[in-house]
Every structure is written in structure tokens, then in C-alpha cells.
Amino acid sequence: MTTGSGTAPAPPEATPPAEASAAARPAAEPPVAAGPPAARRGSYRRLSVEARRAELLTAALDLFAHRAPEDVSLDDVASAAGASRPLVYRYFPGGKQQLYEAALRSAADELERCFEEPMSGPLSARLSRVLDRYLGFVDEHDAGFSALLQSGSVAETSRTNAIVDEVRRAAAEEILLHLAVKEPGARLRMMVRTWITAVEAASLIWLDEGKRPSLEELRDWLVDQFVAMLTATAATDPQTARVLRAAVRMEPADGPVGRLARRVVPALGEASHLLS
């Protein structure tokens, strides 16, 4: 599900005419105007092309994390990065749209990395660690996360939608890897993708509810949701039933799945007539 963000690479920094003979060297940013050493110190820093672009992206990500894209201007980004508007345009000639897509690509890469987890230990523990990273990102980027997933932004394009969809598909593929199924069937794939959608929706609702309940409670509830969805799917899908049995065998009695089972059985105590 890898799709490009549509972001063009930063152009090389221009070499002043007076330095044409040094064109082979990496372009350097213009020196600080003459003045007292104390005044010049720290007022401008020479950075490589890669370092300056990364700095601009970091500043943009921080702004987009707390404000909707339409509320962030290039001047805001330049000010946050300690740069000038022309310098932002030098690296992102497409303007704010190109900068937003590059920032979105960077955020999407970080979100995808949240789902990377060693394939050892109980499945519920692996899911808990994945969710700790994912929900930590949501908590840190609150408004930006909402702008990332919710439609309606003036910065939204087919490219930005493709980037967001890539995160969902990458997350689903990582979860399927942990279920140790070489060729997952349609029902199992649908169940995992539905859970990813539920995680997104719960995250957005959590932000809308003032970040209540706690992150730990939300994480545990989402792990329970995964187990419940896996169990419901296993009732009608033999492949998922095999996955569930293999996963349950690795779960400790005092782990999330064991605790869920002990809570569910009493809750269904009045349903014995359904088994007759």
C-alpha cells in the first residue's frame, strides 16, 4: 500500500554568482551580515540541505500537530523554524500544500512504525505495546491526528488520502503477520481491517471526549475488542478459529485474555438458556 506523497525533493540551494567557481561544493546558506560577534552568535546557522529540510519539516509537524492545516501559514512555519518565507519556498516550491504533504508523509511513516513489533510472546502483550506507541502518538499530536484522519481539510487531496490509507493497510498487514497466517482469508483480513478502523475511531472519540478514559484503560479496552472480534469471527471461519486457538495457548492466566474471559463468563451467566 505504499503510495507517494507527491512531494518533490528539496532543490539544491543556490550558489551565489561570486562563488561560481565553488559550484561543486554543497550549497551553503548565506553568511550573517557583519556585526558584533555577540549579536551574530546564534542568529543564523549554516545547515546542510538535508538538515535544513528536516528542521522545516519538524517545525511544520509541530504546528500541524496542534492546529488544522488551513490554520497554519508558511510564515508560521518559517517563524517556528527560525527561517524566512523565501527559504521555506526554496525547499518546498509547491508552497503550503507540498509542505503539508511532506509533513503528512513524515507523520504517516511514524505511525506505521508504531505497528512494528517483535514476533514473540503472547499476542495480547504485543498488541498492548503497539497500542501504547500508537496512542502515545495520538496523545502527542491530538489536533494534528484529527486533521490527519478526518476529512474536510482544505489541504486534503487524493495524495493525502492515499497516504492515510497507506497507514491503515500497513497496520493491518503487520497485525496479520503476528497472526502467523501465510494466506489470510477474506474474513480474517476483514476482521483485522475493521479493528484498525475501530482503533482510529476510538482515538478520535477519545480526543473529542477530553482524553477520557486514561490511555491505559483505552489501550486495554482496544485489546479486549480485538480478542472479542477474533472470537466472533472464529465462530464461523475455520481459519480464524485455528488462529484463535494458537493465540490463546500462549496467553497466561493473569494476562489480558484471561482477565477478559473471567469478566465475560459471569456477564453471560443468565444466557444458559441459549445453549439448550
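User: What relative accessibility does R263 have?
Analyst: A note on the ground rules: this is a predicted model in which local features need pLDDT of at least 70 and side-chain atom pairs count only at pLDDT 80 or more, while totals for chains, interfaces and linings use all residues. Residues are numbered from 1 along each chain as its sequence is written, and side-chain values use heavy atoms, with hydrogens and water left out. Buried stands for under 20% relative accessible area, exposed for over 50%, and partly exposed for in between (1.4 Å probe, protein chains only). R263 counts as partly exposed, and its relative accessibility is 45%.

User: Which side chain meets R263 in a salt bridge?
Analyst: A salt bridge here is a side-chain nitrogen of Lys or Arg within 4 Å of a carboxyl oxygen of Asp or Glu. For R263 the N to O distance is 2.7 Å, and the partner is D224.

User: How many residues apart in sequence are the parts that R263 and D224 tie together?
Analyst: Helices are DSSP runs (H or I, at least four residues), numbered from the N terminus. R263 belongs to helix α11 (residues 256-267) and D224 to helix α9, so the pair ties together parts whose separation in sequence is 39 residues.

User: Buried or exposed: what is D224?
Analyst: The relative accessible area of D224 is 15%, so this residue is buried.
A further group of salt bridges deserves a mention: R105, D109, E112 and E166 are joined into one network through shared partners. Coming back to D224, the class is buried.

User: Which residue forms a salt bridge with E101?
Analyst: In this pair, the closest N and O atoms are 2.9 Å apart, and the partner is R159. The two sit in distant parts of the chain, E101 in helix α5 (residues 96-114) and its partner in helix α7, 58 residues apart.

User: How far apart are the closest N and O atoms in the salt bridge of E200 with R168?
Analyst: E200 counts as buried at 10% relative accessibility, while R168 counts as partly exposed at 27%. For their salt bridge, the separation of the closest N and O atoms is 2.7 Å.

User: How many salt bridges does a search of the whole structure find?
Analyst: The pair of E101 and R159 is one example of a salt bridge, and R263 with D224 is another. Over the whole structure, the search gives a total of 17.

User: Which residue does R212 join through a cis peptide bond?
Analyst: Most residues other than glycine have a negative phi, and most peptide bonds are trans. At this bond omega is about 0 degrees, and the partner of R212 is P213. The loop between α8 (186-208) and α9 (215-234) is the place of P213.

User: What is the phi of K211?
Analyst: K211 also has its place in the loop between α8 and α9, and is partly exposed because its relative accessible area is 28%. Although K211 is not a glycine, phi is positive, at about 60 degrees.

User: Which residues does S124 contact, leaving aside its neighbours within four places in sequence?
Analyst: S124 is part of helix α6 (residues 123-149), and is buried because its relative accessible area is 2%. Contact means heavy atoms within 4.5 Å. With the neighbours left aside, S124 is in contact with V223, E251, P256 and V257.

User: Which element gives the largest share of the lining of the second largest cavity?
Analyst: Among the lining residues are S124, V223, F226 and E251. Elements that each give two or more residues are α6, α9 and α10 (238-249). The largest share, 4 residues, comes from α9.

Methods:
On a 1 Å grid over the protein atoms alone, a cavity is a set of points where a 1.4 Å probe fits but cannot get out, and a pocket is an open set with protein on both sides within 12 Å along at least five of seven lines; lining residues have an atom within 4 Å of a point.
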